[in-house]
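Good morning, colleagues. Please turn to the structure on the screen.

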Amino acid sequence: MLLVPVWASVLLGLLLGFVPMVGMEAMGEGRSDSEHAPNSDPSPSSPGSNCSELTVKLEFSTRVVEHEYIVGFTGYFSAKARSLYISSALRNTEDGALEWHIVPRQNPASDFPSDFELVHIRQASSSSLLTLEDHPYIKRVTPQRKVFRTLKYIPSSEPAEPCNATRGTQSWQSSRPFRRSSLSLASGFWHATGRHSSRRLLRAIPRQVAQILQADVLWQMGHTGAGVKVAVFDTGLSEKHPHFRNVKERTNWTNEKTLDDGLGHGTFVAGVIASMRECQGFAPDSELHIFRVFTNNQVSYTSWFLDAFNYAILKKIDVLNLSIGGPDFMDHPFVDKVWELTANKVIMVSAIGNDGPLYGTLNNPADQMDVIGVGGIDFEDNIARFSSRGMTTWELPGGYGRVKPDIVTYGSGVRGSGMKEGCRSLSGTSVASPVVAGAVTLLASTVVNRDLVNPASMKQALIASARRLPGVNMFEQGHGKLDLIRAYQILNSYKPQASLSPSYIDLTESPYMWPYCSQPIYYGGMPTIVNVTILNGMGVTGRIVDKPIWQPYLPQNGDHIDVAVSYSPVLWPWAGYLAVSISVAKKAASWEGIAQGHVMVTVASPAENDSAAGGELTSTVKLPIKVKIVPTPPRSKRVLWDQYHNLRYPPGYFPRDNLRMKNDPLDWNGDHIHTNFRDMYQHLRSMGYFVEVLGAPITCFDASQYGTLLMVDSEEEYFPEEITKLRRDIDNGLSLIVFSDWYNTSVMRKVKFYDENTRQWWMPDTGGANVPALNDLISVWGMAFSDGLYEGDFTLADHDMYYASGCSIARFPEDGIVIAKNLKDQGLEVLKQETAVVEGVPILGLYQTPSDGGGRIALYGDSNCIDDSHRQKDCFWMLDALLQYTSYSMTPPSLSHSHSRVTPPTGTERPLPQRLEGNHLYRYSKVLEAHLGDPKPRPLPACPHLSWAKPQPVNETAPSNLWKHQKLLSVDLDKVALPNVRAYRPQVRPLSPGESGAWDIPGGIMPGHYNQEVGQTIPVFAFLGAMVVLSFFVVQLTKAKSKPKRRKPRIKRPTYLQQQQQTTTGKNPGV
């Protein structure tokens, strides 16, 4: 029994010893991260001290470079030809003494033909620019833009933590950009419970994102990105960085004489894609092309990007990562060049932006159909709070936005290469973007027939393989979380085809199909519009054959709905749209239930390798549709949102409604109930109201169907016919609620003076709202808003309220109810930097029109309390009270008997606000057009008319559950089996000078980590096994102690042995 405890102790020691071995390995990685922190942390602490996490605040501004213009051509021409075309065009200008010259561009693309030129024109008039554009070979003339970024390091408010494994971790925070900016430095917040514990966990155990996504499985199969050219457009890369072994080319497109990275972000992005050691990238053997497009002062120009894009096309780049973005989806030189890039089979991956959790904050170019737009999640699969949300806003007001992002992946606390060596951790969608770019590079290297890899086929593989996150809607997660292995399986059994995004429409599926699932449809309602993206993997260009076919399922009541379809006449590049409008048939006006059907679409593309003339590839796809129908709600429950009269940036300069938000000066979120008014919409739905959107003039809806027309933050003018119809509708029982905002011409001129984030010669074309136009609309009832500008906190009906840059009521009927409050004069503060409090500012008015059966009108001077953009205190309770008044004629006692009620103003104290003289609203207005004098209204457009598809009924049972993992045609995942590879760690060789903890990588294959989930369970099993063994021996020892001890008998030695021993002891040894 003495040998048994020794064996047990050895076994127990081995089993228990495994637990600290795992912990020691994680600590070792953490030390590596901490060791190189001085390279990535601007203010490292001494060893052993506490390290405060730094937040880097990004301030961004841009301006037009004075006298410099980008002249775009219709094709690629030599420098001599471009100069001749410009000379020929400017020779015909009225100003014969016009001074101009071509600005030289010293970069690698200057020796090749180009499709644009940078021209300096002193005192260029509008006529000279128009003369340039009249030249047959000149496509467009746009101002040259200069971009500035400024980083400020701010200590985090979180408690300090020990320095081990944390000094390289930073959290980035950015104010919303007004133009295209780098998304490299993003917010480090999580949209999850237990935020602080999660962050500490990530600090203690740094994650290798490539291994978490199982890139090591493909490495073990011999795929490491070889032969794929990947471009990183960022801040450069040091020449002798130890993490990279296949940097094919570094190019500088800035005016600085260096190729190195002075900021660290370009190195980080390149490391996530292609690092070969420490913080390992996805594709270490890919051909890395570094494009330095930002200076160390964080300055860039549009022309730099255009030249660099042209060079990327020339170099036949396969994958391009672009971690910049901005709200300007009408920046034509940039957008056009992105289309040209993808048309040349460049797979562009771009970050969707760091402006979450607000909806409608997608950045360009990630919001384009041909670009893979990437959002961010944390390591607990929660949508990162900073990640921008959909929908796209290109299509407003008449249409509806598309689903974006396309896909999400890890973007919080991801480790990447430090600026000189070592690793660091960053957060932001610009971190998620290179994760997808690295995965795309690795996937492209696994395909034998590279001709099958294009922007459409790669996006099809990614979204079809994505893992959907539970409890998250499609405008947050797109198609789901990146699944590298499933994408590999799909891509390696892929056949060219068309597909749809989303692949089905299910208005009953919650929450993924939000906002469609949030409200059933009914007869008489505005058609529900779903904007589907067509992805065409067969070719860069394509078309829809004949017309889409609508096939309702008769057993599932498909004949209760009507469907209209509009679509892209040409699918280019690689994509198009399919807008599906769904309405309820008249026979279902009182019916409730589920209706189903599907739309069949056939796409054709020219066959590139078909020897037969005119050969085409075709692909037919099915779009299942499932809706919930309810009986038409009563008029009092129906609210109509006026979308038609909302304008936003781009194309014009429409300022924010809250002038305190100087870092976010543009109104660019769409002003839609599903973007920056999402919370208001959700509240109204919870109160039982049905909210519909009017994307056409007021003349285009049946007012007898609605209780209240809701106008919020309107910037557009009104057609005379709209004013006449609205008056008639209100006399017949329609009610109106108006939330206005500030409008002051002096302040608008002042905004031009102090706002460096705008074009130098731009002036706001309206204020926060177009108050003169609103006054024209409501003047018939003796109402008007003023040009006063007020802000301040107050209490109304026992609710705390905040008035943010709102106007006051200047005129109101004497028998109406008016509420007034004491507020600060913000206009005086802006104009003269003086502070004054104005007593009795009328802010809220309620009025019952005198006609028999007439409707009611409610006015409020500020919309910020229902706008998600910068809301400080919501006023949803007040909106409820106003709807009770307008829909049911129930005057809220808290307002009618309020001590703040005052005599309605007559409007004689000061003149009403007038339109800003010389404003350019007509350039962007759907109502105005230019005239020699003042702009005049255009002719009233015809109301939209939908051409309902002729149904082709199908007498078969519809699928019960439309949601499956999106499966492409001709793709069988079972045929692409993965080998049973065993992950291993290679031997570690002695470190060379300058290296730190780098793995020796034999044969060009990246070392594999064991599966993260399995690795985390090994210590648990080891501990349980040790406990079982320990319990066994405790039981055995207990049994042994419980038995009575017996004395062993003493054995006497034989006599002859004793005599022999005595004889031997007495002799001396002999030789």
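I begin with cysteine 279, which is buried, because its relative accessible area is 1% and the cut-off for buried is under 20%. Please bear in mind that this is a predicted model.

Which residue is the partner of cysteine 279? The disulfide joins cysteine 279 to cysteine 423, with an S to S distance of 2.3 Å. Cysteine 423 also counts as buried, at 1% relative accessibility. The torsion about this S-S bond is about -95°, and the disulfide is therefore left-handed. As to location, cysteine 279 sits in the loop between α7 (265-274) and β11 (287-292), while cysteine 423 belongs to strand β19 (residues 423-426), so the bond ties together parts that are 144 residues apart in sequence.

How many disulfides does the structure hold? It holds three. In general terms, such a link is a covalent bond between the sulfur atoms of two cysteines.

I turn to another of them, formed by cysteine 700 and cysteine 943, whose sulfur atoms are 2.0 Å apart. This pair links distant parts of the chain, 243 residues apart. Cysteine 700 lies in the loop between β30 (690-694) and β31 (708-712), and cysteine 943 in the loop between β42 (936-937) and α21 (1012-1042). Because the torsion about the S-S bond of cysteine 700 and cysteine 943 is about -90°, this disulfide is left-handed. Is cysteine 943 buried or partly exposed? With a relative accessible area of 38%, cysteine 943 is partly exposed.

There is also the disulfide between cysteine 865 and cysteine 875, with the sulfur atoms 2.1 Å apart. Here the torsion about the S-S bond is about 55°, so the disulfide is right-handed. Where do these two cysteines lie? Cysteine 865 is in the loop between β39 (856-860) and α19 (876-888), and cysteine 875 is in the loop between β39 and α19 as well, so the bond ties together parts that are 10 residues apart in sequence. Cysteine 865 and cysteine 875 are both buried.

Finally, I would mention two further cysteines. Cysteine 807 is buried, with a relative accessible area of 0%. Cysteine 517 has a relative accessibility of 17% and therefore counts as buried, since the cut-off is under 20%.

To summarise the handedness: the bond of cysteine 279 and cysteine 423 is left-handed, that of cysteine 700 and cysteine 943 is left-handed, and that of cysteine 865 and cysteine 875 is right-handed. Thank you for your attention.

Definitions and conventions
Residues are numbered from 1 along each chain as its sequence is written. This is a predicted model: local features need pLDDT of at least 70, side-chain atom pairs count only at pLDDT 80 or more; totals for chains, interfaces and linings use all residues. Side-chain values use heavy atoms; hydrogens and water are left out. A disulfide is a pair of cysteine sulfur atoms within 2.5 Å. Helices (H or I, at least four residues) and strands (E, at least two) are DSSP runs, numbered from the N terminus. Buried means under 20% relative accessible area, exposed over 50%, partly exposed in between (1.4 Å probe, protein chains only).
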